[in-house]
Number of protein chains: 2
Amino acid sequence: MDTLFAHIQKYLKISPEKLTCIGNYFEERTYKKKEFLLRENSHCKEKFFICQGLVQICFTKENGNLQTLDFALKNWWTTDFNAFPSQSNSQYSIQAVEQTKVLVLSFENQELLLKELPEIERYFHHIFQQAYSATQNRIKLLYSLSREELYEHFQRNYPQFTQRVPQYLLASFLGLSSEYLSKIRKKRIS
Amino acid sequence: MDTLFAHIQKYLKISPEKLTCIGNYFEERTYKKKEFLLRENSHCKEKFFICQGLVQICFTKENGNLQTLDFALKNWWTTDFNAFPSQSNSQYSIQAVEQTKVLVLSFENQELLLKELPEIERYFHHIFQQAYSATQNRIKLLYSLSREELYEHFQRNYPQFTQRVPQYLLASFLGLSSEYLSKIRKKRIS
């Protein structure tokens with residue numbers, strides 16, 4: 001819980017007693033590598049705070065291939081945020097890329113938590129503002145850079161991240177074939 | 001103000017007295033077609049709620065061309081949401097596509113409003129959750145559809161919108177040349 005508490009305190013002044021109370025609404029869970037936190041077309045009734053590890057948000061394309069839409073690392077919230085508020089079916093799958101520890105907040109528990117501690121709304125306001133702005137910035141990158149420049153951008157700005165993610169997932173995320181990404185990487189090394 | 005009040009009430013139960021009080025923090029402004037609400041590299045200290053009209057969020061590419069990143073219509077909030085919380089310089093411009101009426105909330109007034117009526121945090125929590133999810137869905141479309149299919153998608157799902165936006169802006173938004181979009185449109189009609 002300490003990871004979440006520290007994250008909340010970045011955005012909110014909140015007493016230790018209230019923080020402890022927040023803990024009651026969460027469930028700790030560990031997923032093994034390749035395990036699914038959420039499956040495409042299944043009922044979306046939970047959101048996940050990543051304490052440790054890495055997950056991919058992905059979906060099945062018409063040709064049957066899995067497309068990586070995004071990743072979520074430590075201190076990120078993830079689920080299908082369109083489906084979660086209405087508790088409808090998810091259009092995404094969420095899969096652990098490595099062993100991942102999460103805190104799970106069900107829709108019902110979120111409602112109870114926000115009723116007891118409405119100041120947490122401010123935390124979510126800031127979290128989603130940041131997530132929205134980061135996603136808009138990603139569209140900016142998709143429109144500004146070639147796929148090779150996009151790889152260079154991620155490599156330069158998030159070197160530990162690009163080392164950590166398997167090459168075929170990074171390629172999918174960047175909209176490249178694995179072969180093309182491998183070629184770019186070799187070119188950089190030589 | 002009624003447009004904003006109705007929008008807030010979609011997400012929040014709030015008394016008419018409190019709604020009236022919210023009004024004190026906003027400034028009404030009208031922008032003519034092509035006028036800028038916010039300019040790239042300028043100090044970002046306001047956010048805008050669109051009451052009527054249409055704006056584009058855009059940025060200058062390395063080759064000097066203007067790229068449309070997104071549009072905002074009635075009931076959408078817009079600004080550079082990365083720059084706004086820190087009141088730093090905007091990486092986007094926001095320009096009226098047609099005459100546009102907005103309600104302006106300055107950063108200082110937002111802080112005062114949220115201090116007086118913290119329940120508005122819940123409204124922003126939901127607004128940004130929705131905006132984040134819509135933007136993630138747009139990346140899904142960019143990864144799933146060809147540019148021609150993307151145009152078909154917008155045409156099918158938002159026919160009034162695609163009629164309203166000048167062709168060169170719609171082409172920029174879809175990552176197409178105006179000539180190519182014009183070709184697709186002619187093909188559809190014939």
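Asn109(A) is partly exposed, with a relative accessible area of 25%; buried means under 20% relative accessible area, exposed over 50%, and partly exposed in between (1.4 Å probe, protein chains only). The structure is a predicted model, in which local features need pLDDT of at least 70 and side-chain atom pairs count only at pLDDT 80 or more, while totals for chains, interfaces and linings use all residues. Residues are numbered from 1 along each chain as its sequence is written, chains are lettered from A in the order in which they are written, and side-chain values use heavy atoms, with hydrogens and water left out.

Asn109(A) lies in helix 4 (residues 107-116) of chain A. Helices (H or I, at least four residues) and strands (E, at least two) are DSSP runs, numbered from the N terminus. Between the C-alpha atoms of Asn109(A) and Phe26(A) the separation is 7.7 Å, although the two residues are 83 residues apart along the chain.

In helix 1 (residues 2-11) of chain A, the buried residues are Leu4(A), Phe5(A), His7(A), Ile8(A) and Tyr11(A). Seen down the helix axis, these buried residues fall within an arc of 165 degrees, so they line one face of helix 1. The arc is that of the directions from the helix axis to the C-beta atoms. Asp2(A) and Lys10(A) are exposed residues on the face turned away from the buried side of helix 1. The buried residues pack against helix 2 (16-23), strand 3 (46-52), strand 6 (77-78), strand 8 (100-106) and helix 5 of chain A.

Chain A also meets chain B: 40 residues of chain A are in contact (heavy atoms within 4.5 Å) with 40 residues of chain B. About 3,700 Å² is buried between the two chains, and carbon and sulfur atoms give 59% of this area. Buried area is the accessible area (1.4 Å probe) that two parts lose on being put together, summed over both. His125(A), Tyr132(A) and Tyr143(A) supply 22% of the area that chain A buries against chain B, more than any other three residues.

Four salt bridges are found across the interface of chain A and chain B, a salt bridge being a side-chain nitrogen of Lys or Arg within 4 Å of a carboxyl oxygen of Asp or Glu. Arg122(A) forms a salt bridge with Glu111(B), and their closest N and O atoms are 3.5 Å apart. On the side of chain A that touches chain B, helix 5 gives the most, with 18 residues.
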